[in-house]
Amino acid sequence: DVQRGEKKSLTCYFETILNIQSLDETGSHYFGYLVINGQTTRETTPISNYPLGPGTYRISVRRLGHRTLEEDQIITVRPQTSKPKPRKLVFTLRKE
């Protein structure tokens, strides 16, 4: 807390870090493409230390000829004064 008339330095963090994996139905690592807000990126899983700035994002993993079993994950990033811990997202891909 800051009292009236007191000065205090604060650090504000403006991003969060994602670690993203995709697996096949047996639980083995299986590559997929990272999809953010419906746009496929060039990033393939596994992905470590992927930074996201402030905003709300719909995150998923896709692969041609496969269905992602989990729903898209909604991530909201807000500025905060404590260092954010990396968030781990895991998606399972099923061959169609």
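# Note on rings, core, backbone and salt bridges

1. Phenylalanine 31 is partly exposed, because its relative accessibility is 37%. Here buried means under 20% relative accessible area, exposed over 50%, and partly exposed in between (1.4 Å probe, protein chains only). The model is predicted: local features need pLDDT of at least 70, side-chain atom pairs count only at pLDDT 80 or more, and totals for chains, interfaces and linings use all residues. Residues are numbered from 1 along each chain as its sequence is written, and side-chain values use heavy atoms, with hydrogens and water left out.

2. How many aromatic pairs does a search of the whole structure find? The search finds 1. Phenylalanine 31 and tyrosine 33 make up this pair, edge-to-face, with 5.8 Å between centres and 85 degrees between planes. (Rings of Phe, Tyr and Trp, the last by its six-membered ring, pair if their centres lie within 6.5 Å; planes under 30 degrees apart are stacked, over 60 edge-to-face, the rest tilted.) Tyrosine 33 has 35% relative accessibility, so it counts as partly exposed.

3. Tyrosine 30 has a charge over its ring. The charged end of arginine 63 sits there, 4.2 Å from the ring centre. (The criterion is NZ of Lys or CZ of Arg within 6 Å of the ring centre and within 35 degrees of the ring normal.)

4. The largest nonpolar core has 15 residues. (Such a core is a set of buried Ala, Val, Leu, Ile, Met, Phe, Trp, Tyr and Cys residues joined through side-chain atoms within 4.5 Å.) Ile20, Leu52 and Ile59 touch the most other members. At least two core residues come from each of strands S1 (16–23), S2 (33–36), S4 (47–52), S5 (55–62), S7 (73–77) and S8 (87–95). (Strands are DSSP runs of E, at least two residues, and helices runs of H or I, at least four; both are numbered from the N terminus.)

5. Isoleucine 59 deserves a look by itself. Leaving aside residues up to four places away in sequence, isoleucine 59 touches Leu18, Leu34, Val35, Ile36, Leu52, Asp72, Gln73, Ile75, Leu89 and Phe91. (Contact means heavy atoms within 4.5 Å.)

6. S2 and S3 run antiparallel and are joined by 3 bridges. (Two strands pair if DSSP finds at least two bridges between them.) Valine 35 faces threonine 40, which is in S3. The two strands form a hairpin with 2 residues between them. Asparagine 37 sits in that turn, with a positive phi of about 55 degrees. Its relative accessibility is 42%, so asparagine 37 is partly exposed.

7. Most residues other than glycine have a negative phi, and most peptide bonds are trans. Asparagine 37, noted above, has a positive phi and is not a glycine. Asparagine 49 also shows a positive phi, about 60 degrees, and is not a glycine. Asparagine 49 is within strand S4. It counts as exposed because its relative accessibility is 52%. The bond from threonine 45 to proline 46 is cis, with omega near 0 degrees. Proline 46 belongs to the loop between S3 (39–44) and S4.

8. The structure has 2 salt bridges. (A salt bridge is a side-chain nitrogen of Lys or Arg within 4 Å of a carboxyl oxygen of Asp or Glu.) One joins glutamate 25 to arginine 94, with closest N and O atoms 2.7 Å apart. This pair links distant parts of the chain, 69 residues apart: glutamate 25 is in the loop between S1 and S2, arginine 94 in S8. Glutamate 25 is partly exposed because its relative accessibility is 48%. Arginine 94, at 32%, is partly exposed too.

9. Arginine 62 and aspartate 72 form a salt bridge as well, their closest N and O atoms 3.2 Å apart. Arginine 62 lies in S5 and aspartate 72 in the loop between S6 (66–68) and S7, so the bridge ties together parts 10 residues apart in sequence. Arginine 62 has 36% relative accessibility and is therefore partly exposed. Aspartate 72, at 24%, is also partly exposed. Aspartate 72 is one of the contacts of isoleucine 59.

10. Which residues does arginine 67 touch, not counting residues up to four places away in sequence? They are Thr92, Leu93, Arg94 and Glu96. Arginine 67 lies in strand S6. Arginine 67 and arginine 94 are 27 residues apart in sequence, yet their C-alpha atoms are 5.2 Å apart. Arginine 67 is partly exposed, because its relative accessibility is 38%.
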